[in-house]
Amino acid sequence: MKGVPGGEAPVAVRLLHAAALALALVAVVHTLWSGVAEPGHALAFGALVAVGELGSCVRTGPGPVPAGAGPEAGVRRGGLPGEREPAPLGSAGAFAYALLGRSAGEPTGQGVLQVVAVVVVAQLLAAVPRPGHGRGPGPGHDRLARRVLTVAFAAVCFQPLRDAEQFTGVLGEGPAYAVLLVALLGLTALCDAVLAAFVRAARTRYPYGTHLRDELRGLPGIGSAVCATGAVMALGVAVAGLWALPVLCVPLLLTQVSFRRYAAVRATYRQTIASLARATEVAGYTPPGHARRVAELCTAVGRELGLGGGELAVLEYAALMHDIGQLSLVDPLADGATARLPAAEQRRIALLGGAVVRQTGVDAKVAVVVERQADPYREQPLTARIVRAVNAYEDLRGEGAGGALRALEQLRLGTGHDYQPQVVEALAAVLARGGPPRVRTG
């Protein structure tokens with residue numbers, strides 16, 4: 001059963017939320033009961049986390065998909081490298097507070113529960129509704145739960161070491177201490193990747209290993225910047241006090257703003273391609289929603305086969321525009337199905353489609369996939385093999401009785417020349433789980 005946006009969360013995800021909620025409640029109650037240690041530091045780091053969360057929610061591009069929007073609005077959004085951490089400044093501030101051992105040379109006294117309480121309150125404040133903006137765009141439940149658990153993990157790992165005088169005496173405040181902080185944050189980033197993959201696997205019912213591989217690929221990007229900045233913040237405050245925070249957070253804040261603008265441009269780019277792909281539907285050459293369905297299924301098959309973010313983006317764009325060469329036909333094909341055409345005619349349409357794609361200014365890699373989608377699979381790149389198999393499945397599924405099973409059987413019969421066996425089996429695995437997941441983790 002596929003995930004449904006806004007649907008009930010799986011049991012495993014609800015348990016994760018419950019664990020994070022219980023930890024947050026205990027932390028807040030304990031902190032209120034025992035009092036806030038060093039309230040100035042708590043306020044400064046809490047404000048930093050809140051500002052980071054609010055900065056990640058500034059709308060710099062297309063907003064949510066409106067109700068009743070066309071099929072192209074439902075195309076996969078996100079998935080770009082680094083988008084797994086939409087609030088790097090908030091994450092860096094939270095982790096720096098968890099790893100804060102000294103301030104201006106003096107030991108600090110915040111405990112694990114106070115660290116969790118400050119981070120929770122800051123994130124909740126960032127989610128408060130604002131006049132004229134409706135509901136606040138703060139962190140979703142999944143990300144909030146992960147943040148609570150990973151910050152607690154970092155604090156639990158660090159604070160026993162901070163309180164061990166023999167251990168701190170050996171490390172001092174030199175390079176070894178900095179290496180320790182970076183190592184702990186790297187371990188925390190791995191913990192977050194494990195939790196993120198767990199949530200996505202539970203919501204989409206896709207193999208956990210596929211999501212974990214995808215999460216780990218995103219760590220060297222913005223994840224490494226978050227870890228490095230969190231360690232630098234903790235070290236800077238240890239030497240210069242809270243005055244170091246505004247100086248050290250500026251580079252990451254500028255990076256966050258730039259990344260948000262980049263993500264907005266990419267989102268607009270994706271929507272433009274999806275709109276261009278609808279030209280064949282508007283002109284009556286392909287059935288409504290065909291390009292979207294092929295793109296979603298191709299992306300799912302690509303993830304199943306282990307493609308990374310850049311390859312998935314090329315695959316998605318090529319799948320959206322794979323039929324654009326049909327605009328050269330005088331008479332539309334029945335149901336826009338090219339799978340039954342002679343090989344020479346399929347190649348002619350594919351080459352014309354590639355020429356059109358090149359004129360749009362889209363990445364040349366996309367044009368190559370469109371051009372080569374009708375070649376024998378041994379001569380194709382993997383992305384073209386996926387587009388060919390999925391498009392044929394969509395074409396054959398609508399022909400006569402039998403539906404999906406009959407279409408898969410015909411694809412398997414064509415694995416000697418037309419379709420790569422591994423791609424067909426990956427497609428079968430995706431379909432066995434109910435098709436491509438349509439879920440956004442909250």
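Q: Before we get to helix packing, what are the axes that the angles refer to?
A: Axes here are lines fitted to C-alpha atoms, for helices over the stretch in contact. Angles between them run from 0 to 180 degrees, taken between N-to-C directions. So an axis is a line fitted to C-alpha atoms.

Q: How many helices and strands does the chain have?
A: Keep in mind that this is a predicted model. The chain has 442 residues, and 48% of them are buried. Its secondary structure comes to 17 helices and two strands.

Q: At what angle do H15 and H17 pack, and is that parallel or oblique?
A: H15 covers residues 382-397 and H17 covers residues 421-432, with their axes 10 Å apart. The packing angle is about 55 degrees. Angles under 35 degrees would count as roughly parallel and 65 to 115 as roughly perpendicular, so H15 and H17 are oblique to each other.

Q: Which residues of H17 make the contact with H15?
A: The crossing of these two helices, H15 and H17, is right-handed. From H15 come Leu382, Arg385, Ile386, Ala389, Val390 and Tyr393. Sorted by type, the contact residues of H15 with H17 give eight nonpolar, no polar and one charged. On the H17 side, the residues are Val423, Leu427 and Leu431.

Q: How are H12 and H14 oriented to each other?
A: H12 spans residues 309-320 and H14 spans residues 364-372, and their axes come within 9 Å. They cross at roughly 55 degrees, and the crossing is right-handed. With that angle, H12 and H14 are therefore oblique to each other.

Q: What share of the contacts with a separation of 6 or more joins residues 24 or more positions apart?
A: Think of contacts across the chain, counting those with a separation of 6 or more. Of these, the share from residues 24 or more positions apart is 75%.

Q: Where does pLDDT stay under 50 or fall below 50?
A: The chain's mean pLDDT is 79, and 82% of its residues reach 70 or more. Residues 1-6 stay under 50, with 11 contacts beyond four places in sequence.

Conventions:
Residues are numbered from 1 along each chain as its sequence is written. This is a predicted model: local features need pLDDT of at least 70, side-chain atom pairs count only at pLDDT 80 or more; totals for chains, interfaces and linings use all residues. Side-chain values use heavy atoms; hydrogens and water are left out. Helices (H or I, at least four residues) and strands (E, at least two) are DSSP runs, numbered from the N terminus. Angles under 35 degrees count as roughly parallel, over 145 as roughly antiparallel, 65 to 115 as roughly perpendicular and the rest as oblique. A crossing is left-handed if the near helix is turned anticlockwise from the far one by less than a right angle, and right-handed if clockwise. Contact means heavy atoms within 4.5 Å. Ala, Val, Leu, Ile, Met, Phe, Trp, Tyr, Cys and Pro count as nonpolar, Asp, Glu, Lys and Arg as charged, and the others, Gly among them, as polar. pLDDT is the predictor's confidence in each residue, from 0 to 100. Buried means under 20% relative accessible area, exposed over 50%, partly exposed in between (1.4 Å probe, protein chains only).
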